[in-house]
Amino acid sequence: MSYDFKMDDPQPRLLDETRQGAIGKPIDRVDGPAKVTGRATYVADVLPARTAHGVLVRATISRGRITGIDEAPLSGLEGVLGVFHGPKFIRNPAQGMAGKAPVQTDMRVDYHGQPIALVVAESLETARDAAFRLHISYEAEEAEVDPEAASAVDVDEPVRRGNFQLCWDKADVTVDAVLTTPGHAAAAMEPHGALASWEGDELTLRGSLQMLAYNRAEIADSLGIDPEKVRVLAPFIGGAFGSKLGIGPDAVAAAVAARELGRPVRVVMARQTVFDAVLRRSETIQHLRLAADGDGRLLALGHDDRVSNLPEESFAEPTTRQSQYVYEAEAMRFQQEVARIHRTPSGSVRAPGEAVGMIGLEVAMDMLAEKLGVDPVELRLRNMPQKHPISGKSFGARALEAALEDGARRFGWSERKAVGTTREGDWLIGVGMASAVRPNMLIDASARVRLSPSGAVVETDMTDIGTGSYTIFAQIAGEMLGMPTERVEVRLGDTRFPPASGSGGSFGASSTGSAVFLASRRIREKIAAKLGCTPEELSLQDGIARGDNREAPLADLIEGELDETAHISSGDTDETHFSSGYGAHFCEVAVHRWSGEVRVRRFVTSLGIGRVLNEKTARSQAIGGIVWGIGTALHEALEHDPRTGHLVTRDLANYHVAAHADVPREIDVKFLEERDDHANPMQSKGIGELGISGAGAAVLNAIHNACGARVLHLPATPDKVI
Ligand code: MOS
């Protein structure tokens, strides 16, 4: 059964009547106690009898061919079970949602650090020892590793609106700037890993993955077996941020070795392997051109970018997608170049596109406001589009104006002082702001809901990557079926359950949540029919069904169990509307006048995300995004060896993320009252990636307000600020 969008549909109102009061409530994660007491099991916590351990071996050239793998140095080592390599064996890091990654068909190397073999032994220590001893010979080829100097560059057709040059020439004020961002790592706490075991021709793969239905198809495809023969399990995931959208070389390697050895094989990546072998966010070179009339109305908006990836990879960081609809401009132009270089391939990392593209756009808007002498909030308010400037679609719920006004008021934006004029001792104080946008998506998802007199069970192969899926689905089913959240058992992370959207692109809670909503709704319809009232009249509470002056104990109506599986399809999205989350960030920084150290002191953020499903998990997502924004502005950078392209910053000591001391005590996030009828049956929108969008730009703009430094090459380390 699928959902038909109707503006007058009374069903979403069921969630507004809040008989249980569960939807939107900031209830604690239902899986919290299992996590803090160690009962939640991650890949590396599971060790079936006779499990062997695998360690991935990585290439030490940037490009070329493997000519030989010499196992002789392993001869004295006890407990080595095998060395696995060659065609159809090591798979390149997966493409996530961007397409199918090739199974390696020869002994080619495409980047320094690429997994090329797996050593399996009785113990992890022996496997590691053996991996270091293995001797690999290569035939190296010339490799380009610098995205700026690359000679192989794919240039896309530009996306255009109006006559750019004409509008540029008639402008009173222009900004023409280049902003660069370095590569980023997802840096999930739990390293990537896989545990594979076979029973006959059936594979069970325990992994740390975001999209199980898709991951099952990927592993079956890589091994050349029927997906029906594969079961993927991922009940708990220690963070992912896009890096676990697709399976990695660990999964294929473990599956092949386990089949060969006839025993379970576990491969857990060391942190450096995660950095080398898991997709990175591409660095970006962004060219921004803004032209306005004297009143601050945008005449031309241009945002071109260059990103990089391996020659054959299809993913390209969508750096300028958001710039096509945040503001209105008479003429627009967006063009992307992809430099084909030999570094760890790039892919989706939290808020692909906006995380870095909104920094470019929003820093340029700040520069334009300064040149015009117009308040930065006012400049944005003057350029609100009525419909999507490129596609022409309607927007539906669009909270950007409201967020700008609400955030400015709560922050005290009107107190803002001129550049470099506020000082506290040796600290220069400044404030900055930026808009936030992130498209909202609906992805195919199924869920099964069963109701018995004692409670309800939700089953779907959805994942909870720390985002709150377990909790939110219990709230949705509980609300719809008239029972407290504690009586709803949510089972996730197993491909034996109906296929879900998976977690990614901020679509998980709303997409799979919609399937839970629809299955629960079907159960309500059945109960209403038995009671003899309409579904709208039905009220369910405390085990009693009421409607149309009738009432009956639920136990009498359901005779055992009601069991419904529902599906929501991405095709159910209202095609006439472009759905997106919106918001605004306001931040205060202190810049040390002698050292250039930046302290972020205060953050105020207002967001419109449709119906909020859980205030606490949503807020945590927003705060997490803001922390990413601070890290992006001030700390994070993948540094590559200029000779080989190999990653130099490849552990959490060298790759700096914002830590506790870098994050202000006060991050004040408010969700604006909003319902989006065009998003999905629950009128909710994604939140995961909206918080990061623009957050880094607010920090950079505040640095400028504090001390006058306009940092355009991220991160804004002290040497660039002073
Ligand atoms: Mo997200 S980067 O789509 O998991």
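## The main core

The largest nonpolar core has 206 residues. Those with the most contacts inside it are Val119, Ala254, Ala255, Ala477, Val699 and Ile703. Helix α8, residues 354-372, gives the most to this core, with 12 residues. Domain 1 and domain 2 both give residues to the core, so it lies between them. This is a predicted model. In soluble globular proteins, nonpolar side chains tend to be buried together.

Take Ile703 as an example from the core. A second core is separate and has seven residues. Among them are Val307, Phe315, Val338 and Ile341.

How is the chain divided? Domain 1 covers 13-40 and 443-572. Domain 2 covers 387-441 and 576-721. Their centres, taken over C-alpha atoms, are 33 Å apart.

The two domains touch: 23 residues of domain 1 are in contact with 21 residues of domain 2. On the domain 1 side, α11 (469-481) and α12 (508-531) each supply at least two residues. Which helix gives the largest share of that side? The answer is α12, with six residues. The residues of this side of domain 1 divide into 10 nonpolar, 10 polar and three charged.

Asp366 sits in helix α8. Is Asp366 buried or exposed? Asp366 has 24 C-beta neighbours inside 10 Å, so it counts as buried. The cut-off for a buried residue is 20 or more.

Now look at what surrounds Asp366. Leaving out neighbours within four places in sequence, Asp366 is in contact with Pro376, Gly432, Asn701 and His704. Asp366 and Ala697 are 331 residues apart in sequence. In space, their C-alpha atoms are 9.0 Å apart.

Helix α5 covers residues 212-223 and has 12 residues. From its first C-alpha to its last, α5 reaches 16 Å, close to the 16 Å expected at 1.5 Å a residue. Helix α5 is mostly covered, with nine of its 12 residues buried. They are Leu212, Ala213, Tyr214, Asn215, Arg216, Glu218, Ile219, Ser222 and Leu223. What do the buried residues of α5 pack against? They pack against β11 (202-207), β12 (230-233) and α6 (249-261). Just after α5, Gly224 takes a positive phi of about 70 degrees.

Helix α10 covers residues 400-411 and has 12 residues. Its reach from first C-alpha to last is 16 Å, close to the 16 Å expected at 1.5 Å a residue. The buried residues of α10 are Leu400, Ala403, Leu404, Asp406, Gly407, Ala408 and Phe411. Just after α10 comes Gly412, with a positive phi of about 85 degrees.

## Strands around β19

Strands of a sheet pair through backbone hydrogen bonds, either parallel or antiparallel. Strand β19, residues 445-452, runs antiparallel to strand β25, residues 562-568. Seven bridges join β19 and β25. Here Leu451 stands opposite Leu562 in β25.

Strand β19 also runs antiparallel to strand β20, residues 455-459. Five bridges join β19 and β20. The bridge partner of Val449 in β20 is Val458. How many residues lie between β19 and β20 in their hairpin? There are two residues between them.

## A three-stranded sheet

Three strands form an open sheet in the order β4-β2-β6, and the pairing is antiparallel. Which are the edge strands? They are β4 (108-109) and β6 (135-140), and each pairs on one side only.

Strand β2 covers residues 64-70. Six bridges link β2 and β6 in the antiparallel sense. In this pairing, Gly64 stands opposite Ala140 in β6.

Technical notes. Residues are numbered from 1 along each chain as its sequence is written. This is a predicted model: local features need pLDDT of at least 70, side-chain atom pairs count only at pLDDT 80 or more; totals for chains, interfaces and linings use all residues. A nonpolar core is a set of buried Ala, Val, Leu, Ile, Met, Phe, Trp, Tyr and Cys residues joined through C-beta atoms within 7 Å. Helices (H or I, at least four residues) and strands (E, at least two) are DSSP runs, numbered from the N terminus. Domain bounds come from an automatic or database domain assignment. Two residues are in contact if their C-beta atoms, placed from the backbone, lie within 7 Å. Ala, Val, Leu, Ile, Met, Phe, Trp, Tyr, Cys and Pro count as nonpolar, Asp, Glu, Lys and Arg as charged, and the others, Gly among them, as polar. Two strands pair if DSSP finds at least two bridges between them. The expected span of a helix is 1.5 Å times one less than its number of residues.
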